[in-house]
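Here is a set of questions and answers for a reader who has not seen this entry before. Please look over the sequence and the model, then read on.

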Amino acid sequence: MTMQTDPRANGAKPLVELKDIRIAFGGVQAVDGVSLDLYPGEVVGLLGHNGAGKSTLIKILSGAYKADSGEIWINGEKATINSPRDARRYNIETIYQTLALADNLDASSNLFLGRELTTRLGFVDDARQEAETRKIMARLNPNFRKLSEPVSALSGGQRQSVAIARAVYFNARILIMDEPTAALGVHETAMVADLIKELKAQGLGIFLISHDTREMMDLCDRVSVMKNGQLIGTERVEDVTEDDILSMIIMGKNPKREAA
Amino acid sequence: MSETDTVPNAAPSTRPAPTAPKRSFLSQLELDLRLLGMIGAFIIVCVVFNVLTDGRFLTPRNIFNLSIQTVSVAIMATGMVFIIVTRHIDLSVGALLATASAVMAMMQTRWLPDLVGLELGHPALPWLSIVAGLVVGAGIGAFHGWLVGYLTIPAFIVTLGGLLVWRNVAWYLTSGQTIGPLDATFQSFGGINGTLGAQWSWIVGAVGAVFAALAMLSARRNKAAHGFKVKPFWAEAAVIGIIVAAILGFVAVLNAYEIPSRVVARDFAARGLEVPEGYIAAYGIPYSVLLLVGVAVAMTVIARKTRLGRYIFATGGNPDAAELSGVNTRLLTVKVFALMGGLVAISAVVASARLTNHSNDIGTLDELRVIAAAVIGGTALSGGIGTIYGAILGALIMQSLQSGMAMVGVDAPLQNIVVGTVLVAAVLIDIIYRRRVGGK
């Protein structure tokens, strides 16, 4: 069963290929020669301690940082991503750990930030934005009502919904989720998990960052473990146990490969 | 091996669902409480001074004077809102006003007549000067913005330096002399020397009232078209009625300020005519006030209805979020400071025209008045929050306090002590209000 759903088995082109990515901040090699790939309809988990370089790597793909060296290939073509705007052009959407919401604006202004809907005269069309926000929220979080209040007045789960809606609304093909459930309750975490499965079924490629190993085993097709900026290994989840992954995270060694 | 320690246990969903509060009369009107508070404060100031001055404060003449005295600071305060909302500050506006004023004064009295050969009184003089002033103001503003945005020097430092630099650039340009008299057309932007007269004031007032009513109705229609709840029609009509009454009432007051008969006689004599029997002329709306209204409308539209405005507020609320959403925050900083510079140049026209000349100390301490107006008007120094109408009301409250105390005969040092205290108290009240309503 797993072999049939493995997108790589039927000769699909990788959606994303990161090749030998390196970036340093003032002498610290935050990402040190990491290569990763992602296929359509696949969830790849990134694991590692705080400071292992996961978020930095992902921010290179989302355009927040520029790599010192290495290449990014999207759909088999070399891509140039110098800014978040470039990344959006490649249909890469990111849900940041910090959510990246402007607290003083309402949900719809945040959802459309940088991509406002405008009237014929070029003015921001608040009414249409609000109507669209209501539509997508009805799908993602039916309890969401506070459309015209600043997002600072929302609960953690509601804020998360806004951040997710922003990524999903614009027909992302590549989705990056940095700790999407870290601030959520049990019920909302389950909702996010369902959403990830739904988006995966629609053929999106998803990079997922989390500290919750069990959640990762449940949601991901493959997991990549990083330590000190280097990639320790990438494994299919059915090939490893949770303990294998933990030892990769902690020891920085791949027990399966060393046993072989 | 369990990893349950990483499972978050926050459960915000256990909070009781917010029920719709019973809608009071005021809440059905959907008025901005902060705006009402400021209008209330302004009315109290006016009434108290009116009592203290035995009714001299609220006369057409004094209201006219208050309006034209407020314009210069109010125009700059609208720009300062954007600066402060994006978490910056501009300490150089008073000095920049002096430089823009000096450029415009020198253009129309020396450079254009002497170097280009346009004789004094040439109709193109005032307009070329104003264009030059605007270019210089916006250019210097953009330069400040570049230093802040691209070279990442704190705005406080850039504009503190600017305060010294531009004040003395103005001095150099004019060799410290007072330059005047300025062109007659140019002077008409100063207030008393350029007004619409009664008839045109009514026409402009009526057009403005109709425009305001239509704008509110069209916003209502747009909301309803997308299926959103709109306030009951009687509430909408009441708000429109209040606004229309306020506009026409203001026009009526300005039209009630009659031109003194000796001034009328002088004007008629200048045209070689006799004053007809029983002839009465009113000042009406000053051009400078129209200019302020135009700036206020334009800045409000920018703030609320354009991407630029949305990005300004988003950047103020969370610069990282704006950056990650694809907003070029560096370029935005340049735009915001350039806009401030342009508005300073407009204020320089009004300020120098009101004085009928450019003097070396023009705009001194204006930076403090402008910042105070924006802050009294509810602009938060932490960024992300502020309104254009608030800043203008703030400027009006400050000017009313100042001239009211002068009329009552309060000692000069005491006047500034009061204004300073009011500034701090206003911010305290604002903080308490925000805490109550649960904002930041």
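## Two chains, question by question

The secondary structure of chain B comes to 17 helices and zero strands. The model is a predicted one.

Q: How many helices and how many strands does chain A have?
A: Chain B has zero strands. Chain A has both kinds of element, and its count is 10 helices and 10 strands.

Q: Why does chain A count as compact as a globular protein of its length?
A: For 260 residues the globule rule gives 18 Å. The radius of gyration of chain A is close to that value, so the chain is as compact as a globular protein of that length; its own radius is 19 Å.

Q: What percentage of the residues in chain B is buried?
A: A residue is buried if 20 or more other C-beta atoms lie within 10 Å of its own. In chain A, buried residues make up 48% of the 260 residues. For the 440 residues of chain B the share is 41%.

Q: Which element gives the largest share of the side of chain B that touches chain A?
A: The contact takes 39 residues from chain A and 35 residues from chain B. On the side of chain B, the elements that give two or more residues are α8 (197-225), α12 (307-317) and α13 (319-324). The largest share is six residues, and it comes from α12(B).

Q: How many charged residues are on the side of chain B that touches chain A?
A: Sorted by class, this side has 14 nonpolar residues and 14 polar ones. The charged residues on it number seven.

Q: Are the faces of β7(A) covered or open?
A: In a regular strand the side chains alternate between the two faces of the sheet. On one side of β7(A) are A:Ile174, A:Ile176 and A:Asp178, and on the other are A:Leu175 and A:Met177.

Q: Which strands pair with β7(A), and in which sense?
A: Strand β6 (residues 92-95) of chain A pairs with β7(A) over four bridges, and A:Ile92 stands opposite A:Ile174 there. Five bridges join β7(A) to strand β8 (residues 205-209) of chain A, where A:Ile176 stands opposite A:Phe207. The partners are β6(A) and β8(A), and the sense is parallel.

Q: What is the handedness of the β-α-β crossover from β7(A) to β8(A)?
A: Between β7(A) and β8(A) the chain passes through helix α7 (residues 186-201) of chain A. This β-α-β crossover is right-handed.

Q: Why is A:Ile23 classed as buried?
A: A:Ile23 is found in strand β1 (residues 16-25) of chain A. Its contacts beyond four places in sequence include A:Val31, A:Ile60 and A:Tyr65. A residue is buried if 20 or more other C-beta atoms lie within 10 Å of its own, and for A:Ile23 the number is 22.

Q: Is B:Arg87 buried or partly exposed?
A: B:Arg87 lies in the loop between α3 (60-85) and α4 (93-116) of chain B. Its phi is positive, about 70 degrees, although it is not a glycine. With 17 C-beta neighbours inside 10 Å, B:Arg87 counts as partly exposed.

Note on methods: Residues are numbered from 1 along each chain as its sequence is written. Chains are lettered from A and ligands numbered from 1 in the order in which they are written. This is a predicted model: local features need pLDDT of at least 70, side-chain atom pairs count only at pLDDT 80 or more; totals for chains, interfaces and linings use all residues. The radius of gyration is taken over C-alpha atoms; the globule rule is 2.2 Å times the number of residues to the power 0.38. A residue is buried if 20 or more other C-beta atoms lie within 10 Å of its own, exposed if 12 or fewer, and partly exposed in between; C-beta atoms are placed from the backbone. Two residues are in contact if their C-beta atoms, placed from the backbone, lie within 7 Å. Ala, Val, Leu, Ile, Met, Phe, Trp, Tyr, Cys and Pro count as nonpolar, Asp, Glu, Lys and Arg as charged, and the others, Gly among them, as polar. Two strands pair if DSSP finds at least two bridges between them. A crossover is right-handed if, with the strands pointing away from the viewer, the path from the first strand over the helix to the second runs clockwise.
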